[in-house]
Amino acid sequence: MPEATVCKSCASCMQPSGHHVRRDPRWQSSEWGVPVNQEDQVATLLSLALVPRALTKLGLDSTPEEEDAYFHCWKLIGHFMGIGPVLLPRDLDDGQQLWDAILERQVAPSEDGAALTKALVDYLKMRIPGTMIDGLAVTLMRELFSEAVAEAVGLEKTDWTRHLLVPMRWAFNLADEAQDQSTLAAKISAFLSRKLIEGLHASERGGNRVTFRIPQSLQDAWGVSSSAVTAR
């Protein structure tokens, strides 16, 4: 769905801009290279693990059980990323508090952040058919960002598309409720989601191979046709 694409782009914008790392004297830089900043890693993790909470701003709600399961999945990913146990949040609320603390400590104007944000906005505008609603990408990003983050990364101001937020929330909420109440609606949503994944793979890339691959096990689980994941 469009809001999912924007959320992923928002996550990319909100990566911390860079830090000076105090090296452990036991770290062998000549052999192991520069260590990855643990705070940056956990911030990247939380920018994705907290997506269900962000989507409530667009009228998409999850049950507490769904939020906990989603968050637990990302905790496991964080473990395999090498994030230290003391930094992995215990639960969703703990994760939200850590995310807020990192933002308060790290958010500041950044030329690199502004350049990355502009590139992402330009990409999203390119993906939106026509030009009339190009501003919708920025409108959704500003809705999902805090004001401090939006200003720090130099996100442009919203245009007339901000007036679409109310009907969009209504439509998303209605679709969300329909999926919860109707097996048919859930099947239709699953079908459209599969088509979205297939479309991402089939997207024109100037004849180059796609830069990511969906494992065969997930292709089978999601019902994605093998022809759709063949690089064009």
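This text goes through the nonpolar cores and then the salt bridges of a predicted model.

The largest nonpolar core contains 25 residues. Leu46, Leu50, Phe71, Trp99, Met141, Phe145 and Leu155 have the most contacts inside it. At least two residues of this core come from each of the helices H3 (38-49), H5 (64-81), H6 (92-106), H7 (111-127), H8 (136-144) and H9 (147-152). H3 gives the largest share, five residues. Apart from this core lies another one, of 10 residues, including Val51, Leu58, Leu140 and Leu165.

Leaving aside residues up to four places away in sequence, Leu155 is in contact with Thr117, Val121, Val138, Met141, Arg142, Phe145 and Ala150.

Charged side chains come next. Side chains of opposite charge can pair when their charged atoms come close. The model has nine salt bridges. In one of them, Arg105 meets Glu39 at 2.5 Å, N to O. Arg105 belongs to helix H6 and Glu39 to helix H3, so this pair ties together parts that are 66 residues apart in sequence. Arg105 is exposed, at 57% relative accessible area, whereas Glu39 counts as buried because its value is 16%, under the 20% limit.

Another salt bridge joins Arg169 and Glu143, at 2.6 Å from N to O. Arg169 is in helix H10 (residues 165-181) and Glu143 is in helix H8, 26 residues apart. Arg169, at 27% relative accessibility, is partly exposed, and Glu143, at 22%, is partly exposed.

Lys157 pairs with Glu151, with 3.0 Å between the closest N and O atoms. Lys157 is exposed at 55%; Glu151 is partly exposed at 39%. Through shared partners, salt bridges join Arg142, Glu147, Glu151 and Lys157 into one network.

Notes:
Residues numbered from 1 in each chain as written. Predicted model: local features only at pLDDT ≥ 70, side-chain atom pairs only at ≥ 80, totals over all residues. Heavy atoms only, no water. Core = buried A, V, L, I, M, F, W, Y, C linked by side-chain atoms within 4.5 Å. Buried < 20%, exposed > 50% of the residue type's maximum accessible area, 1.4 Å probe, protein only. Helix = DSSP H or I, 4+ residues; strand = E, 2+ residues; numbered from the N terminus. Contact = heavy atoms within 4.5 Å. Salt bridge = Lys/Arg side-chain N within 4 Å of Asp/Glu carboxyl O.
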